[in-house]
Amino acid sequence: MTSPGLPAVKDLAIEVVEIDVNSDESVTAGVAAILAKTGGTLDVLINNAGIGLGGPIEVQDMEATKLLFETNVFGPHRMARAVLPAMRAAGQGQIFQVSSQLGRVIIPGIGQYSPTKFALEALSESLAYEVAAQGIEITIIQPGGYPTKIWEKSTARAAALKARTPQALLDAYPEMTAGMGQPGSGGGTTDPMDIPRAIAEIIALPRGERPLRRAVHPGNKPQEGINAVSRETQLAMLGNSPWGPVVRDVLD
C-alpha cells in the first residue's frame with residue numbers, strides 16, 4: 001500500500017489468526033497464538049469488528065440488543081484486555097478503536113447502534129487516560145458511511161428482527177419500520193481505504209503525537225464539533241486535578 005509520507009509496502013508476510021471477539025475463549029487463544037509467534041510482543045491492535053442492526057429502540061429486542069453490545073462494546077474490551085499485558089511489559093503499544101460518527105451524533109431509528117458506539121467512545125477515552133503513563137496510546141477512529149459489507153449484513157439482521165416483531169409494535173413506528181430489511185444507500189461511493197490509510201498515517205507519527213480521535217470521511221464530519229467541546233469540557237473538569245497532566249497529555 002501507499003500513503004502520504006509512508007514508503008510503499010509490498011510482499012508483506014501476513015498470517016491470519018481467526019478470532020471471534022464475542023468469545024472469551026477465542027480471544028484468549030487467538031492472542032496467545034499471536035504472542036507465541038512474535039516472541040511475546042504486539043505493537044498495534046485495531047479493533048474493527050462491529051455490526052449494525054436498524055430499527056427503533058423499542059423494536060430492538062434483547063436478542064438484538066445483546067448481539068450489538070456483545071460485538072461493538074464487549075468485543076473491543078475483550079481484545080484490549082488480552083493485549084494490554086504484553087504492551088505494558090514492552091512499555092509501549094497502540095490501540096485503535098473503530099467507532100463511528102454515530103458514536104457522537106444520533107439519528108433516530110438506528111436502534112442500539114449509536115448507544116454501542118457512544119459506549120465504545122467512553123470506554124476508549126477512559127482507557128486512554130489509564131494507560132498513558134505505561135506508554136500505551138489509544139486512538140478512536142470515527143468514520144462516516146462507507147460502502148462495506150456492514151450494510152448488507154445489517155439489512156439481513158434487520159429483516160430477521162422485523163420478522164419476529166409483533167405487527168402492532170411495528171405499526172407504532174411506521175416511518176422507522178417500513179424500511180427495515182430493505183437495502184439502503186450502502187455508504188455511497190466513498191473509498192473504504194480512507195480508514196486504513198488514516199490508521200497507517202497515525203501509526204507513523206512519533207509517540208506522544210498520536211491523536212485521541214480522528215474523524216475520517218471526505219464529506220461532512222458532524223462529530224468534530226462535539227469532539228472539540230468534549231475536549232474543552234474534560235480539560236475544564238480535570239485539567240487542574242491530579243489527573244490533569246495525563247488528561248492534557250492524551251488530549252493535546
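## Arg248, on the partly exposed side

At a relative accessibility of 35%, Arg248 counts as partly exposed, a class that sits between buried (under 20% relative accessible area) and exposed (over 50%), using a 1.4 Å probe and protein chains only. Arg248 belongs to helix H9, residues 244-251. Helices here are DSSP runs of H or I with at least four residues, strands are runs of E with at least two, and both are numbered from the N terminus.

Leaving out residues up to four places away in sequence, Arg248 touches Leu235, Gly239 and Asn240, where a contact means heavy atoms within 4.5 Å. Arg231 is 17 residues from Arg248 along the chain, and their C-alpha atoms are 9.4 Å apart.

## What kind of model this is

This is a predicted model, in which local features need pLDDT of at least 70 and side-chain atom pairs count only at pLDDT 80 or more, while totals for chains, interfaces and linings use all residues. Residues are numbered from 1 along each chain as its sequence is written, and side-chain values use heavy atoms, with hydrogens and water left out.

The mean pLDDT of the chain is 93, with 96% of residues at 70 or more; pLDDT is the predictor's confidence in each residue, on a scale from 0 to 100. Watch residues 1-6, though: pLDDT is below 50 there, and the stretch has 12 contacts in the model beyond near neighbours in sequence.

## The chain as a whole

There are nine helices and four strands, and reading along the sequence gives α-β-α-β-α-β-α-α-α-α-β-α-α. The radius of gyration is 19 Å, close to the 18 Å from the globule rule for 252 residues, so the chain is as compact as a globular protein of that length. That radius is taken over C-alpha atoms, and the rule is 2.2 Å times the number of residues to the power 0.38. Along the principal axes, the C-alpha atoms fill a box of roughly 55 × 45 × 35 Å.

Buried residues account for 42% of the 252. Of the contacts between residues at least 6 apart in sequence, 70% join residues at least 24 apart. As for charge, the chain carries 21 positive and 26 negative side chains, and the centres of the two sets are 2 Å apart. Lys and Arg count as positive, Asp and Glu as negative, with His and the chain ends not counted; each charge is placed at NZ of Lys, CZ of Arg, CG of Asp or CD of Glu.

## Helix H7 and the strands over it

In H7 (residues 194-203), the buried residues are Ile195, Ala198, Ile199, Ala200 and Ile202. Their cover includes all of these strands: E1 (44-47), E2 (93-98), E3 (136-143) and E4 (213-216).

Take Ile199 in H7: its relative accessible area is 6%, so it is buried. Past four places in sequence, Ile199 touches Ile46, Phe96 and Ile141. Val216, 17 residues away in sequence, is 9.9 Å from Ile199, C-alpha to C-alpha.

## Two other buried spots

Val98 lies in strand E2 and is buried at 7% relative accessibility. Residues up to four places away aside, Val98 touches Ile46, Asn47, Asn48, Lys117, Leu120, Ile141 and Pro143. Its C-alpha is 8.0 Å from that of Ala49, 49 residues away along the chain.

Thr177, in helix H6 (residues 174-177), is buried with a relative accessible area of 4%. Apart from neighbours within four places in sequence, Thr177 is in contact with Pro56, Val59, Lys162 and Leu170.
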